[in-house]
Amino acid sequence: MHRTKVKVATDALDANTTIAAANRHDFDHAGVKVVNLMSAPGAGKTTLLERALGDGIEGLRVGVLEGDVQGSMDADRLSVLHVPVTQLNTDNGFGGECHLDANMVRSALPEIDLDEIDMLLIENVGNLVCPAEFRVGEDARAMVSSVAEGEDKPLKYPLMFRTCEFVVVNKIDLLPYVDFDMDRFLANLDQVNPGVEHALVSARTGEGVDQFQNWLAGVAAREAAPA
Amino acid sequence: MHELSIASAVVNTAVKHAAGRRVAVVTMTTGALRQVVPASLEFYFEIVARDTVCEGARLEQELVPARLRCEDCGQEWEPEVPAFRCPGCASARVEMLGGNELEVESIEIEEEEACIAPR
């Protein structure tokens, strides 16, 4: 027996990147813009989508891909909004249950009618760590961070806060009841992702949701760029 | 907690390049900004490698410190906390020179000696 060194020099997530590019090609081909929406569990992604999509966004046909470890509670909530919702459960893979990866999204594509929509919102599994590592073929990444989570979160999860180009600061209706220093949060956010676009929102009352809708409309209006 | 996902990706990459041969060592570089805990990654690597050609292989990790460069004033620095504004001129236009790596660099494979001697 002898040992041979083999040069690999490959990004560890290369396989995922390849599949993400294939997804992106399919999305671009169908003229569909894709947003990957991420957050911690319970930050309010589904409530935000209920609010943002409830009355519709003018001129934009939106579909939703719901990623969950188990169950279809979120998809059921959104299905009354008359937007096409596809459920994707992640409980059938070892190590894949805490986030969506490109292959999982690819497996759901046959169930999504891309000709019927202009934009696909992918609601990722609630998790501030793993989803940040795995691109799924999206045009843009956004996240929700709620005031109930505390102002230190950008510093604790910089990978997630850095990878997003839009941050929804949610549950501002709770500000009188929680120890949350908004100025400090925004300063922390600016340290981790300088100049990132953000909106102060209460998905519960609807306050500020229009800023998220406007951002989505802006993404939809972008020129298709190479993945 | 994303070490399990990364360990799976590392093993899959090594298995692909090993092409059926047994792997003794996997060498990788990890950037500090990827927030990977080396001991945790090693732990999951050992588990995920079971029943593959990487079973029992050693994982060698080289940690690359975060290194940033300001595109406006040219200052280079190694941040110790996740702060990405230039400490000199507060610019947000900052280039990442190092710290974002997550690469499988090489693998060492074990091969039988080719039998060339006559019987």
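Within chain B of this predicted model, strands β1(B) and β6(B) run antiparallel and are joined by 8 bridges. Here helices (H or I, at least four residues) and strands (E, at least two) are DSSP runs, numbered from the N terminus. V23(B) has I109(B) as its bridge partner in β6(B). Residues are numbered from 1 along each chain as its sequence is written, and chains are lettered from A in the order in which they are written. Local features need pLDDT of at least 70 and side-chain atom pairs count only at pLDDT 80 or more, whereas totals for chains, interfaces and linings use all residues.

β6(B) is also joined to strand β1 (residues 2-11) of chain A, by 8 bridges and in antiparallel fashion. In this pairing, S106(B) of β6(B) is the bridge partner of K7(A). Strands pair if DSSP finds at least two bridges between them.

The contact between the chains takes 28 residues from chain A and 32 residues from chain B, two residues being in contact if their C-beta atoms, placed from the backbone, lie within 7 Å. On the side of chain B that touches chain A, α1 (3-18), β1 (22-31) and β6 (102-111) each supply at least two residues. The largest share of that side, 10 residues, comes from β6(B).
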